[in-house]
Amino acid sequence: MEIYVVKPGDTVYSIAEFYGVDTGIIIYDNQLIQPYDLVTGQALLINNGWDYADVGIRTNGYAYPFISNWVLENTLPFLSGLSVFSYGFTEDGELISPMLNEDRMIKMSVSFGTLPILTLTPLDKNGVFNNNLISAIVRNPNKTETLINNLLDVMAYKNYGGLDIDFEYIKAEDRDLFTEFVRKCANSMHENGYLISVALAPKTSANQQGLLYEGKDYKALGEIADSVLLMTYEWGYTYGPPMAVAPINQVRRVVEYAVTEINPLKIDLGIPNYGYDWPLPYERGITKAKTIGNIEAVRIAADNGVNIEFDETAQSPYFTYESNGVSHDVWFEDVRSIQKKFDLITEFGLHGAGYWNIMQFFRANWLLLENNFYIKSIR
């Protein structure tokens, strides 16, 4: 496979002729829509042969229970694990089920040989993130035991195969208590034949300041868990200034630190499967970006007749357009930016990749993944 960047005057037919491939393959692999107009600067995946990968990784994708059957069916063949988002809990350790029943996801996951994973986050009954819930649980051994027992009951009843602990904004004073909570979870999960993973904020040093970072002990959690997810995305985020979601220079800094604390064979690199569209001018606390899919981003550029640029430092595509008198900045992922992330996985010998999230299908990503690696069972 090759990556081709569209030049002025290119058409699907001229590119297909140049590579000697069928136009239908280019259209299908890149999810092009009639009349198949291309955008200067657009990156296309060209399947002009197949290199069978000799490097295996494990892959995981997060999904909400309202994911479509079509997206799930097309994505599961590329996943080792499917993390269902998400179970919450109360201060007393009672579980709060996802907004919709997830049985369909679990059944489909099992049918594809993908391990269904229960994701646990500190969401309250209103679906709001609440780090006081974390404190209530980790500071009370009885509540910890209640929560773990409830997890085991649900996992057995629902046929889950693993637990993913995705706690963010842990208070600094709860850091060691959280580590001990994860240890207790891991012991119980392992005793019952389940795997356990932990999501980690993207730290670049052990003593990094900030509520997002201070509650996570990379070294200790890496020793306890079967795998960890580096949440290497959201530099560009909904309420932040326009920038790349996962700039490779920043992602590299996180990986370089992580491998000094955690066995690389336990580390999954977080990969975003989305982009953002910011209205301009950006005003802190006021401007809100719209989340968009990677395929959608290219269509926006095409509809507005603008070229796609590529930031060499961030290794990310972007463009600016104007609609109804309002300027917009768009940053997203394409096969070029994703290949750079795959290169990091290979360079550092990481365990695999974890996608946030798989709600929108980006076929070229999965084909590129398959061209770089073969998918290993999560067990």
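This is a predicted model: local features need pLDDT of at least 70, side-chain atom pairs count only at pLDDT 80 or more; totals for chains, interfaces and linings use all residues.
**Thr59 and its surroundings**

Thr59 lies in strand β3, which spans residues 56–63, and its relative accessible area of 1% places it among the buried residues. The side chain of Thr59 comes to 2.6 Å from the backbone oxygen of Phe78. Beyond residues up to four places away in sequence, Thr59 touches Phe78, Leu79, Ser80 and Gly81, and it also touches Ala353, Leu369 and Ile375.

**Val251 and its surroundings**

Val251 belongs to helix α9, which runs over residues 248–261. With a relative accessibility of 1%, Val251 is buried because the cut-off for that class is under 20%. When neighbours within four places in sequence are set aside, Val251 is in contact with Thr232, Trp235, Ala246, Leu269 and Leu344.

| Residue | Element | Relative accessible area |
|---|---|---|
| Thr59 | strand β3 (residues 56–63) | 1% |
| Val251 | helix α9 (residues 248–261) | 1% |

**The pairing of α9 with α11**

Helix α9 packs with helix α11 (residues 335–348) at an angle of about 20°, and the axes of the two helices are 11 Å apart. Because angles under 35 degrees count as roughly parallel, α9 and α11 are described in that way. The crossing of α9 and α11 is right-handed. On the α9 side, the residues that meet α11 are Ile248, Val251, Arg252, Val255, Glu256 and Val259, and on the α11 side they are Lys340, Lys341, Leu344, Glu347 and Phe348. Sorted by class, this contact of α9 with α11 holds six nonpolar residues and five charged ones, with no polar residues. The spacing of such contacts can be read against a general point: an α-helix has 3.6 residues a turn, so residues three or four places apart point the same way.

**Helix α4**

Helix α4 covers residues 103–111, and its buried residues are Met105, Ile106, Met108 and Ser109. These buried residues pack against strand β3, the strand in which Thr59 is placed. They also pack against α3 (69–75), β4 (81–89), β6 (115–120) and α6 (141–158). Just after α4, Gly113 adopts a positive phi of about 75°.

Methods. Residues are numbered from 1 along each chain as its sequence is written. Side-chain values use heavy atoms; hydrogens and water are left out. Helices (H or I, at least four residues) and strands (E, at least two) are DSSP runs, numbered from the N terminus. Buried means under 20% relative accessible area, exposed over 50%, partly exposed in between (1.4 Å probe, protein chains only). A polar contact is a pair of N or O atoms within 3.5 Å; within protein, one must be able to donate a hydrogen and the other to accept it, and residues adjacent in sequence count only if both atoms are side-chain atoms. Contact means heavy atoms within 4.5 Å. Axes are lines fitted to C-alpha atoms, for helices over the stretch in contact, and angles run from 0 to 180 degrees between N-to-C directions. Angles under 35 degrees count as roughly parallel, over 145 as roughly antiparallel, 65 to 115 as roughly perpendicular and the rest as oblique. A crossing is left-handed if the near helix is turned anticlockwise from the far one by less than a right angle, and right-handed if clockwise. Ala, Val, Leu, Ile, Met, Phe, Trp, Tyr, Cys and Pro count as nonpolar, Asp, Glu, Lys and Arg as charged, and the others, Gly among them, as polar.
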